[in-house]
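Work through these exercises with the model in view. Try each task before reading its solution.

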Amino acid sequence: MHLDQKVSLKTHHTFGMEVEARYFVEAKTHTEVLTLLNYRHMIHMPILFLGGGSNILFTRSFPGIVIKINSKGIELKEDYDDHVVVTAEAGENWDDFVQYCVDRGWAGIENLSLIPGKVGAAPIQNIGAYGVEVSDVIQSVQVIEIETGKQKRLTNAECQFGYRDSIFKNALKGKVIILNVTFKLQKVSDLPDDKVFGSYHFRLDYGDIRGELEQMAVTIPVISDVREAICQIRRRKLPDPAIAGNAGSFFKNPVIEKKLLISLQERFPAMPFYQQVPEKLVSSDLVKIPAAWLIEQCGWKGYRIHDAGVHPGQPLVLVNYGTATGTDILELANQIMDSVVQKFGIQLEPEVNVIS
Ligand SMILES: Cc1cc2nc3c(=O)[nH]c(=O)nc-3n(C[C@H](O)[C@H](O)[C@H](O)COP(=O)(O)OP(=O)(O)OC[C@H]3O[C@@H](n4cnc5c(N)ncnc54)[C@H](O)[C@@H]3O)c2cc1C
């Protein structure tokens, strides 16, 4: 293990701001994580665990130790006729893991293709896309308690997953490090008309997945087709952080009461909303409003001040066009949130972790 001083974090986070870590170290094994935790007790300084840095906004240089979790390994734990149980280490690249599973015909995360970041961060905000949340397939999450160094395995229920939410953003925030995640995935065939594993249904009714498959001339999709369709849609719709720094959706889609929606629709008849998917329904009185629509209605789509902006194609994404600071992005985010409250009375909530 190598503890470096004054390390630039520019390439370690997707917003691409020029900020530094006072100390920076990569932990490649569980033992290294434990060693670093002991070391932390001796030096008393702030500590930040980092995955791929794709859900973080640094508003300044970090005055303590940044520990990049880089443990690798994927292990098939159980192999049944119709499903597998597989564990991936926290430092595995999320999309490489998706590809690994798709290649083996293990289904459940193909709709989460091309989401940046590491496996270890996936449960934290319960990553989701195209009608699927990672909590649908997580069996358990192994963590280490920062205070005691003790390891624990949390079941899916204990993780208290919600929409872009989990216990790791609430009661366990800053208290544990995620070491690995165990998934239960369904086996599917790579032959379109093979009925052997016929009980699994791909989720194709969200966004334009079916349209994309049609364009690909696929009538009965296999798992690799679904992944390919999702990748193509995402490449077209989302800005590439390598070209314009961003952290994906900056805000969550607000969940509001149906009666508030009805009264808002008197003034804004075109206001879109989603019913939550039945199996994830917390309450039939709640609906989700696309934050992108609210932001666009407030006139922010494509807005730019110096190098901080709102993406012209996807208003949920705030962009660093080059020299914007974290504070510039945060100020823009606050202005957007204020204007949405003023116009609609709806409070947006950031999805991105702001490090200040
Ligand atoms: C272009 C783009 C598109 C995106 N699309 C989506 C999308 O469709 N759906 C979606 O849900 N998200 C999306 N995101 C957000 C992001 O990819 C996810 O939130 C991802 O899971 C973050 O992983 P990461 O490893 O980069 O986490 P980081 O940004 O490194 O960390 C995020 C938080 O988790 C903590 N953390 C990281 N690893 C650990 C660990 N092992 N133990 C304890 N704490 C840890 C960090 O301290 C930080 O607070 C997108 C981001 C980008 C840039």
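This is a predicted model: local features need pLDDT of at least 70, side-chain atom pairs count only at pLDDT 80 or more; totals for chains, interfaces and linings use all residues.

**Exercise 1.** Find which residues of the largest nonpolar core touch the most other members.

*Solution.* Start with the core itself. It has 47 residues. Trp94, Phe97, Ile109, Leu112, Phe168, Phe183 and Leu185 touch the most other members. Next, look at the elements. β7 (83–89), α2 (94–103), β8 (106–107), β11 (138–145), β13 (176–187), α3 (209–215) and α4 (223–237) each supply at least two residues of this core. Last, check for another core. One of 46 residues lies apart, and its members include Ala291, Ile295, Ala333 and Leu348.

**Exercise 2.** List what Ile109 is in contact with, leaving aside neighbours within four places in sequence.

*Solution.* Contact here means heavy atoms within 4.5 Å. Now compare with the first exercise. Ile109, Trp94, Phe97 and Leu185 are among the residues that touch the most other core members.

**Exercise 3.** Describe the surroundings of the ligand.

*Solution.* Begin with the shell. There are 32 residues around the ligand, and Phe49, Gly51, Gly52, Ser54 and Gly128 come nearest. Sort the shell by type: 17 residues are nonpolar, 12 polar and three charged. Then trace the strands. β3 (47–50), β9 (128–129) and β13 each supply at least two shell residues.

Now take the polar backbone atoms. One of Gly51 is 2.7 Å from a ligand oxygen. For Gly52, a backbone N or O atom lies 2.7 Å from a ligand oxygen. For Pro116, the distance from a polar backbone atom to a ligand oxygen is 2.9 Å. Finish with cover. On its own the ligand has 990 Å² of accessible area, and the protein covers 92% of that.

Conventions
Residues are numbered from 1 along each chain as its sequence is written. Side-chain values use heavy atoms; hydrogens and water are left out. A nonpolar core is a set of buried Ala, Val, Leu, Ile, Met, Phe, Trp, Tyr and Cys residues joined through side-chain atoms within 4.5 Å. Buried means under 20% relative accessible area, exposed over 50%, partly exposed in between (1.4 Å probe, protein chains only). Helices (H or I, at least four residues) and strands (E, at least two) are DSSP runs, numbered from the N terminus. A residue is near a molecule or strand if one of its heavy atoms lies within 4 Å of it. A polar contact is a pair of N or O atoms within 3.5 Å; within protein, one must be able to donate a hydrogen and the other to accept it, and residues adjacent in sequence count only if both atoms are side-chain atoms. Accessible areas come from the Shrake-Rupley method with a 1.4 Å probe; for residues, only the protein chains shown count as cover. Ala, Val, Leu, Ile, Met, Phe, Trp, Tyr, Cys and Pro count as nonpolar, Asp, Glu, Lys and Arg as charged, and the others, Gly among them, as polar.
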